[in-house]
Amino acid sequence: MREIRLMLRLSVVLVMMRAAPAAAQDMTVPPPLTHTVELAGPRFGFTMLTQGVVDALAERRIQIKPVISQFGWQVEKQFYSHASGVTAVTEFVGLLGGLEQGVALPSGNWLVGLRSREGAEFGIGPNISPAGVGLVIAAGVTFRAGALNVPMNFALVPSKDGVRVSVLTGFTLRRR
């Protein structure tokens, strides 16, 4: 008998626990579902290195001049758009720098940011390269011509050895 009462009490508690979230729900209409857009394409440009970065690379037996070329690929996902035109984006940019100087300096950048309806954009995230680990801060604008997107971005990576400033462009095609 005691076990039956215990089972009955547990059942009541479980029913009440299940009912609490349902009672707490707002009965308003949920927001509309968003759609994601995935973009990818080549990137190219150049990076200027402060003397501290050049010296730090020299200590690692990497001899380069303070301006290096950059070639790579960007993968981007737009995962939220507001009616105002503001879009949340995340992107990964992998680059190889210094090829014109006979070296291949890889770098990886992951950015999270916002883009306006007009194409102005801002992002921030981690950067890792042979020059060290840093925080990349990027801003720019994306020009649109039909399905073609052409970004022009400026990135700043301050680190303990100095600063790296990059100017990159490229293109992506908008597909659904």
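**Close-up views of a predicted model**

View 1. Tryptophan 73 counts as partly exposed because its relative accessibility is 47%. In this predicted model, tryptophan 73 is part of strand β2. Together with Val75, Phe79, Tyr80, Phe92, Trp110 and Val112, Trp73 makes a nonpolar surface patch of about 710 Å². Two elements, β2 (67-81) and β4 (105-115), each give two or more residues to the patch. The most come from β2, which gives four residues.

**View 2. The salt-bridge network around arginine 115.** Glu76, Arg115 and Glu121 are linked in a network of salt bridges, and the structure holds two such bridges. In one, the side chains of arginine 115 and glutamate 76 meet with an N to O distance of 2.8 Å. This pair joins distant parts of the chain, with arginine 115 in strand β4 and glutamate 76 in strand β2, 39 residues apart. Arginine 115 also pairs with glutamate 121, where the closest N and O atoms are 2.5 Å apart. Arginine 115 counts as buried, at 6% relative accessibility. Glutamate 76 is buried with a relative accessible area of 6%, and glutamate 121 is buried with 13%.

**View 3. The largest nonpolar core.** Leu49, Val53, Val54, Leu57, Ile62, Ile64, Ile68, Val103, Leu105 and Ala131 form this core of 10 residues. Helix α2 (residues 51-59) gives the most to the core, with three residues. A second, separate core has eight residues, including Leu95, Ala155, Val157 and Leu168.

**View 4. Contacts of isoleucine 68.** Leaving aside residues up to four places away in sequence, isoleucine 68 touches Gly45, Phe46, Thr47, Leu49, Gly97, Gly98, Glu100, Gln101 and Leu105.

Key:
Residues numbered from 1 in each chain as written. Predicted model: local features only at pLDDT ≥ 70, side-chain atom pairs only at ≥ 80, totals over all residues. Heavy atoms only, no water. Core = buried A, V, L, I, M, F, W, Y, C linked by side-chain atoms within 4.5 Å. Buried < 20%, exposed > 50% of the residue type's maximum accessible area, 1.4 Å probe, protein only. Contact = heavy atoms within 4.5 Å. Patch = residues over 30% accessible without salt bridge, like charges linked within 9 Å, V, L, I, M, F, W, Y side chains within 5 Å. Areas by Shrake-Rupley, 256 points an atom, 1.4 Å probe, with all protein chains shown as cover. Salt bridge = Lys/Arg side-chain N within 4 Å of Asp/Glu carboxyl O.
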